There are 2 protein chains.
Amino acid sequence: MTTTPRKPRSGKRGPTVADVARCAGVSPMTVSRVINSEPNVMPATREKVEAAIVALGYVPNPAARSLAGGQQCRIALLHANPSAAYLSEFLMGSLAQASKLDVQLIVEDCDLLADPAELVRRLIDHRVDAVLLPPPLCDDEVLLKALHLAGLPIAQIATGRPAEFAYAVTIDDEAAAHAMTGRLIGLGHRRIGFVAGATNQTASALRFAGYARALSEAGLTPDDRLVREGDFTYRSGLVAAEALLALPEPPTAIFASNDDMAAAAVAVAHRHRLEVPRDLSVCGFDNSAMATTIWPEITTIDQPVAEMARRATALLAEAVRGRAGPPAFVARHIQLAFKMLPRASDACAPPCAQNHGLGT
Amino acid sequence: MTTTPRKPRSGKRGPTVADVARCAGVSPMTVSRVINSEPNVMPATREKVEAAIVALGYVPNPAARSLAGGQQCRIALLHANPSAAYLSEFLMGSLAQASKLDVQLIVEDCDLLADPAELVRRLIDHRVDAVLLPPPLCDDEVLLKALHLAGLPIAQIATGRPAEFAYAVTIDDEAAAHAMTGRLIGLGHRRIGFVAGATNQTASALRFAGYARALSEAGLTPDDRLVREGDFTYRSGLVAAEALLALPEPPTAIFASNDDMAAAAVAVAHRHRLEVPRDLSVCGFDNSAMATTIWPEITTIDQPVAEMARRATALLAEAVRGRAGPPAFVARHIQLAFKMLPRASDACAPPCAQNHGLGT
DNA sequence: CTGAAAGCGCTTACAG
DNA sequence: CTGAAAGCGCTTACAG
């Protein structure tokens, strides 16, 4: 009598590389090469394998791949962004890339970030290999330093001031704000109000800089009273717009540093019995959900959040896996294109107002 | 000369069960038992192992676990929800549970769902084991049937009409709407406008039913003119509120079936020079970002979206892994508690209006 | 260009 | 209650 063979593991499982290899008449190794689209496989062989894959409906097992590949890569996404919409879009991009690259994404809410050192310790304990930092955390100097000291690769997203030691994926906030302001000027506006973003985000200053440059390039005298502080919340937009419209010479257009504040400006205009855009033009920034939710829909700047998340995730995965080569400074900071999104909230300046702020 | 030993695999890797076992003086098997908190391990042994885990900073390798455990479980999250905020919260819950249970989550955007059959085929091809259906897809009969026919376990989230063959995680929409309407009645409102939700979501009908029941329980005669159709968009809320306030006898309160429409009602009120809540009370549903973004913040019903996502994900994982036992009908439909969130958008009815719609 | 062998880190299925 | 052996499905590191 022979020894009873061990019972095979339970459950119907899908086909494996071995099955495909058998079906194609090659070795599992070759199947692996085809799956990973490595070069050095004869076209004929490749085709046979591909046919077998289709025939069997083979799908690689990610768990096995990462185990064997030793590609364990765990990236933490630290977020403290009040905007669920931003987070959602960011997550979709990051998640897609993570699954493609087979990296494990750890999502951590840092809203009440007490002690950065404590956080870093927890990350290390959890074997996190790198950290994704969307705004506003991307601008937290203390956190940045603590992470850097711990030797963790970092990607700052949408920061206005990339750290030397970090990766960064941004858009050109200054240029975008410049373009938007230029658009308003082109529409004949001369008194353009500006609602600034939160001062703890470096991008806020860049947006203001773009606004100011467009003004001065057009020969318009900047007017301090037209610039109000906001903090990216609707509430702060309400206050800022209220102040702007209470001015003896109110602006004919308001450019808010994000869409929530722009929406607030629209609401205030309505309460003042001003039609948007007939009596007041309003523009935002970010192309968040709010921009298309309210009426009229807000002209804004589209920030490719999902794409930025994808790129940042890929950057970190490469850094962790050492495929990135010597991390050249220039390649570490990627700038993506923004998009001007003209919608229904801005229009030509009212005729009577056209000569108001002019230097003539 | 002995044969040169094979070069070990590259990269510093963390400690493994073997390391922990060595350090604790037990077998890897015992370490595994402790990690998985199985019973049948002597307390003393357990403590030794736990100490070793801490000392070495051991963290289990999820890839290895799922490979060895044969627990491959792939759950698809099909979404077509226009609200990024909802999706974001849902994702957070689902993701957390997925990582805890070691299931792979596939997130798929089905906004332009052409052919359900085609989609099902793709899911099967991708070896998806089960499907998570948040609204409005949870109510898509055709999709539901196609999925069921393919033998895929399904979890409907926030549906108003759970299918017999599916798992479902819901709140009691009828009771919630009843509570909200009751609150308004308690505040002295007698003419309460209602903005209905999209008809393609079964929860919409339940919310209306709750409103109607509260009215009739209070002895108030329902008035068709006070009920307007909406489709959950801000735009539709604008139209509905406009119609409601144009009534010869306008309502003193508006209960919208979601927060976006409630926000629209607030905007319309403001354009009509009505103060909210002084001149008009407005309530919403869902506790979405919009509810706390605008001013005044909207009284609403909190739906525990993240928790619902967690539960649904867990339900499916159990179903796939067959730990669920015989799927008893009753346990397949879970109803979670909603929460009434009183905020700043509702108040007592204006004194003069109190006697308006009364039957007396 | 292709393949045989070993190993990734854990768990299952037994046997004590 | 504990452990030795085999195996999960793939890839690395070689050798031809």
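## Exercises on a predicted protein–DNA model

Of the 30 residues around DNA strand D, those that come nearest are A:Val17, A:Ser32, A:Tyr58, B:Arg33 and B:Thr45; a residue is near a strand if one of its heavy atoms lies within 4 Å of it. The model is predicted, so local features need pLDDT of at least 70 and side-chain atom pairs pLDDT 80 or more, while totals for chains, interfaces and linings use all residues. Residues are numbered from 1 along each chain as its sequence is written, chains are lettered from A and ligands numbered from 1 in the order in which they are written, and side-chain values use heavy atoms, with hydrogens and water left out.

### Exercise 1: DNA strand D

Step 1. Start with the DNA atoms. Of the atoms of DNA strand D within 4 Å of the protein, 60% belong to sugar or phosphate, and the rest belong to bases.

Step 2. Sort the protein residues by class. The surface near DNA strand D has 13 nonpolar, nine polar and eight charged residues. Here Ala, Val, Leu, Ile, Met, Phe, Trp, Tyr, Cys and Pro count as nonpolar, Asp, Glu, Lys and Arg as charged, and the others, Gly among them, as polar.

Step 3. Find the helices, which are DSSP runs (H or I, at least four residues) numbered from the N terminus. Helix 2 (28–35) and helix 4 (62–69) of chain A, with helix 2 (28–35) and helix 4 (62–69) of chain B, each supply at least two residues of this surface near DNA strand D. Helix 4 of chain A gives the most, with four residues.

Step 4. Look for polar contacts (pairs of N or O atoms within 3.5 Å; within protein, one must be able to donate a hydrogen and the other to accept it, and residues adjacent in sequence count only if both atoms are side-chain atoms). A polar backbone atom of A:Val17 is 2.5 Å from a phosphate oxygen of DNA strand D. At A:Ala64, a polar backbone atom is 3.4 Å from a base nitrogen of DNA strand D.

### Exercise 2: DNA strand C

Now describe the surroundings of DNA strand C in the same way.

Step 1. List the neighbours. DNA strand C is surrounded by 31 residues, the closest being A:Arg33, A:Thr45, B:Val17, B:Ser32 and B:Tyr58.

Step 2. Sort by class and by helix. The surface near DNA strand C has 13 nonpolar, ten polar and eight charged residues. Its largest share, four residues, comes from helix 4 of chain B.

Step 3. Check the phosphates. One phosphate oxygen of DNA strand C is 2.5 Å from a polar backbone atom of B:Val17. Side chains take part as well: an N or O atom of the B:Ser32 side chain is 2.5 Å from a phosphate oxygen, and one in the side chain of B:Tyr58 is 2.4 Å from a phosphate oxygen.

### Exercise 3: Aromatic pairs

Step 1. Recall the rule. Rings of Phe, Tyr and Trp (its six-membered ring) pair if their centres lie within 6.5 Å; planes under 30 degrees apart count as stacked, over 60 as edge-to-face and the rest as tilted. This gives ten aromatic pairs over all chains.

Step 2. Take A:Tyr86 and A:Phe90. Their pair is stacked, with 6.3 Å centre to centre and 20° between the planes. They are about one helical turn apart because they lie four residues apart in helix 5 (residues 84–101) of chain A. A:Tyr86 counts as buried at 13% relative accessibility, and A:Phe90 is buried too, at 1%. Buried means under 20% relative accessible area, exposed over 50%, and partly exposed in between (1.4 Å probe, protein chains only).

Step 3. Take A:Phe208 and A:Tyr211. With centres 5.9 Å apart and planes at 40°, this pair is tilted. Both lie in helix 9 (residues 202–217) of chain A, three residues apart. A:Phe208 is partly exposed, at 33% relative accessibility, whereas A:Tyr211 is buried, at 3%.

Step 4. Widen the view. Ring pairs link A:Phe194, A:Phe208, A:Tyr211 and A:Phe255 into a cluster.
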